[in-house]
Protein chains: 2
Amino acid sequence: MSGNRPQMTLTPCDRHLALFTDLYELTMLQAFYEEGMEAQSVFSLFVRRLPPQRNFLLACGLDSLLGQLEALRFEPEDLDCLASLGPFSRRFIERLADLRFTGDVYAVPEGTPVFANEPILEVVAPLPEAQLIETLVMNQINLQTVLASKAVRLAMAANGRPVLDFGARRMHGLDAAIKGARAFHIAGVAGTSDVLAGRLYGLPVRGTMAHSYIQAHESEAAAFEAFARLYPETVLLVDTYDTLDGVREVIRLADRLGDDFRVRAVRLDSGDLGALSREARALLDAAGLGRVEIFASGGLDERAIDALLAGGAPIDGFGVGTSMGVSSDVPDLDIAYKLAEYDGKGRLKLSSGKPILPGRKQVFRTVRDGFLAGDVIGRFEEDLPGEPLLVKVMAHGRRLDSHERDLERLRDHAAACIATLPESLRGLEPAEPPYPVSVSDALAEHQRAVRDAIARRS
Amino acid sequence: MSGNRPQMTLTPCDRHLALFTDLYELTMLQAFYEEGMEAQSVFSLFVRRLPPQRNFLLACGLDSLLGQLEALRFEPEDLDCLASLGPFSRRFIERLADLRFTGDVYAVPEGTPVFANEPILEVVAPLPEAQLIETLVMNQINLQTVLASKAVRLAMAANGRPVLDFGARRMHGLDAAIKGARAFHIAGVAGTSDVLAGRLYGLPVRGTMAHSYIQAHESEAAAFEAFARLYPETVLLVDTYDTLDGVREVIRLADRLGDDFRVRAVRLDSGDLGALSREARALLDAAGLGRVEIFASGGLDERAIDALLAGGAPIDGFGVGTSMGVSSDVPDLDIAYKLAEYDGKGRLKLSSGKPILPGRKQVFRTVRDGFLAGDVIGRFEEDLPGEPLLVKVMAHGRRLDSHERDLERLRDHAAACIATLPESLRGLEPAEPPYPVSVSDALAEHQRAVRDAIARRS
C-alpha cells in the first residue's frame, strides 16, 4: 500500500471542527469583538519541561493541523448550537458565520527534534482567530508529538530491526490511532496494522494472524496449513497453546509442504521472549529453516526490546502495541499555547513556574562535527549563528509550498536529524548533561523589559 | 446546554469505519470464508488484571460502539483500497460489499463497576463478523472505560464538589476528547469545556477565561472589568501576574461595580493552591465577598484534590485537564477480546499468563446490606444467586430497547452503583482485601474440559 496517496482529502474526524474548542475561547472571542481587540497577536506553542524519560521530542502533527485551519468554519448547525448555549449575542453569531483563519503560521518541520521552551509553532493572527484555535492546535500537535517522541525510542532500541505498530486496539480512540500511525511512520516505525491509517496516509500495512484463528480450528496444525496455503509468505503465530510445540508444528508443516513452504516468520507473543526466541531459532535452524525469521510481540516497550537485543535474542522484528500507542510512560506533555505578543507589544505572565518568552521567536541550531551542539532561542528578527528551525508554513490562512507534506521526505528528515543527535541523547537513559538550550541576550532583555512594563502598570 | 439532545446522528469520526481494523482481521476473514468457517462464535471482552491504582473499572463506551456496529459497511472506495492491498481475491472483495454485522451483543450497562476477568461484553456472531470488529470494539470500549474509570476517582476525591473537564487540549486526539467528555459525565464529572462534545451529547458546557485574555489587556483590572460587564456571573482567573494581587483586583472591581458585581468565583491556576485558597478566602471574606467561590485548577489529579480537601483548603470546585484526560497514571488497560467458543465448542488458549474463560458467560453480583459482597463469573445459562450483569443489548445487528442510552439515567446508574461499593473500594489506595470475584464450579469444570480436549488433540 506504500505509495498510494490518500484519496480522501479530510481525515475522518474533521466535521464540525470549529466547535472543537473550549467554551472560554468563544466567550473571550465575543469579548474581544465587543472591545475592538482585533489587532495582530502572536501565540507560541511549546513544551515547558521535558519529562525525564525523554531526551528530546519529535515535533509532529503540523500537516493535519494546517489542513484543519484551512477548512475551519462554523456551519449553520454549529451556529444554531452556539445560539442555544446562552451567552452569545446574535451579532456575535453572525460574525462567526464569516470567520475564517487568516493568519500566518511559523513552525518547526515535522520530524525535527525539539527541546523544552522551544516554539514548535507560532501563530501570527488577529487575536480572536489565534485564540479560537487554541484547543485544536494543542490537541493535534500534542497528540502527534507525544506519539512520535515515543515511537522514535522504540525504533532506536530496535537498532535497525523493523518495529510494527499494532496499537490501534488500545490507543485512545480513532483519531489517535489513525494520526498516530502517521506519526510512527515519520519516527521510523516500519508499518502499521491499521488499514484505515494505511489508506489515508499511504503507509505500509502489515499483519500476521490472531490467536482466535488458531483457536477456531480443531488443531494448530490445521490452522497453520490453511493459512500458509492461502498466504504462502505469512507469519505464523506459535504461542496459542505452547510456543515451542508451535514452532515444531511449523517445522512439520515445512516437511509436509516441501517447496511450497514459504512462511516468512514465526511470531512469539508471550512468555520469556529471550529464552523462547533462542530455542525457537535452534529448532528452526536444526530443521534447515534458517531463513524463517522470528518476530516478537506482547507487551513490549523500548526497554524490553533493548534488553532482549542486549541479551543476544535472535529476534528479527518487533510488533509493539500499547506502550507505543498510548506512550504509556509519558502519555502527556506539559505543552502550552501562550500569548507572547499583542498589538506589537510583548506579553507574558508571571504565574509561578510557568514563564513565557515574549514576542516572535526563532530557534537557532548549531551543528558541529556532524552533531548538534546547542540551540539558542532568540527573537525572530535576530541573525544568530546556526540553522533557523521555524519556517513560514502558512500565510493568510493558506499552506505554503515551504511546508513539507511528503511523508517519505519527512521520515527521511527525521532520520537525518536523529543521526545528528549526540550519542547520549539517542540512549534510553536521561542524557547527562542534557542538551544545551539557551536564550539569546536580546530575547532575555526583551523578557526583562516586558516584565518591567507589567510591574510598572500594576 | 444540558438537555439539548444531539442532532448529529453520527459522531465526527464515523466515516470509513469498516477499514478501522487490523489487516490481520481481513486476512483471517478471507481465510474463514475460503475454509467455510462461518459458524457462530463467542468473543469475550474483558480486562485481565486491574492495575494497582484502580480498585474497579467503570464500564463505558457501549453506546457509540453499538451505533458503529449498526452502521458498519464497506463503501465502494473502501473496497477499491482493499483490492489494491494485494492479498485479497475479487470474490472476497465482493462478499465484503454485502457484509453487515448481524450478531448479538450482551453487555454490562455503561456506568457499572467491573473487575478483572469479568466480561464487559460478549459478541455472539458468525465467526468472520465477530473477528472483523475486534479492533473497533477494543479501541472504543478501552478508551471510554479507561477514561470513566479515572474520572470516577476524581469525582470521589472532590467529595461532592463539582469537577469540570478541561482536558480537550491534551487528550489524545479528537475522538478521545469528544467521547471522553461523555465518559466523564457518566462517571460524575459536572461539565466539560469542549463545545463539540457538549453539542453531540447534550452535556453541560462550562468555561472561565484564559491567561491570554488578561495578558492582551493593558492591565488585569481592565480585563476583569470588561469581562465581568459582558458576563456578570463569570469566573475570573487571578494568577496571571500574582494570585493574591489578582484577588485584591477582584475586590476593587466589586467596590467599583457595587450592586452590578455578580462575579461567581475566582480561579487559582498555579502555585500552592492550599495556601493561596486560604489567603484568597480570607481576603474575599474580609471584603464582604463571602459568596464569591474559589475554583482551583492547574495540574490537579485525584491525590492532589484529596490532599487539598484533607488539609481544609476552602475550594468549591475543580477544573481538571491532563491527568483525567489521558488517565495519566493508567493510560491503558490489559484489555482483551478473545474467542471463547466456536461452533458450539468452548475455546481457550494456553499462552502463559493469559487465561481465557471459555463459552458464553454471565456475571452474578451479590449485594448484602446495601453493599456489593462479591461476584461470581458463571456460565451464561447458570442460575446463580445475585444480579446478572450482562444484558442483551443488540440482536441481529440492531440495538434493543433494553440498551440504556439516556445519559442522565446512565449517570444516575453509575452513582447508584458506586454508592454500593464497599468503602475500601471507593478510596484512592489499593483496597485490601480486593473485591472478591470467583469462577463458578460449572465454568471451572467447563474450562478444564476444554483444556483437556485441546491436550488430547495435540
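Let's start in chain B: Pro433(B) sits in the loop between α16 (423–426) and β19 (437–439). Helices here are DSSP runs of H or I with at least four residues, strands are runs of E with at least two, and both are numbered from the N terminus. The bond joining Glu432(B) and Pro433(B) is a cis peptide, with omega about -5°. Chain A has a cis peptide bond between Glu432(A) and Pro433(A), omega about -5°. Pro433(A) is in the loop between α16 (423–426) and β19 (437–439) of chain A.

Quick ground rules. This is a predicted model, where local features need pLDDT of at least 70, side-chain atom pairs count only at pLDDT 80 or more, and totals for chains, interfaces and linings use all residues. Residues are numbered from 1 along each chain as its sequence is written, chains are lettered from A and ligands numbered from 1 in the order written, and side-chain values use heavy atoms, leaving out hydrogens and water.

Next, backbone angles. Asn117(A) is not a glycine, yet its phi is positive, about 70°. Asn117(A) lies in the loop between β4 (113–114) and β5 (121–126) of chain A. Its relative accessibility is 29%, so Asn117(A) counts as partly exposed; buried means under 20% relative accessible area, exposed over 50%, partly exposed in between, with a 1.4 Å probe and protein chains only. In chain B, Asp343(B) also has a positive phi without being a glycine, about 55°. Asp343(B) is in the loop between β12 (335–342) and β13 (345–346).

Now helix α12 of chain A, residues 273–286. Its 14 residues reach 19 Å from first C-alpha to last, close to the 20 Å expected at 1.5 Å a residue. That expected span is 1.5 Å times one less than the number of residues. Down the axis, the buried residues of α12(A) fall within an arc of 160°, so they line one face. The arc uses directions from the helix axis to the C-beta atoms. Among those buried are Leu273(A), Leu276(A), Ala280(A) and Leu284(A). Their cover includes α11 (243–257) and β10 (293–296) of chain A; contact means heavy atoms within 4.5 Å. At the start of α12(A), a side-chain oxygen of Asp272(A) comes within 3.1 Å of the backbone nitrogen of Gly274(A). After α12(A) comes Gly288(A), with a positive phi near 75°.

Last stop: Ser149(A), in helix α6 (residues 134–158) of chain A. Ser149(A) is buried, at 1% relative accessible area. A polar atom of its side chain lies 2.8 Å from the backbone nitrogen of Leu58(A). Ser149(A) also touches Arg54(A), Phe56(A) and Leu57(A), among others, not counting residues up to four places away in sequence.

How values were computed. Polar contact = N/O pair within 3.5 Å; in protein donor to acceptor, adjacent residues only side chain to side chain.
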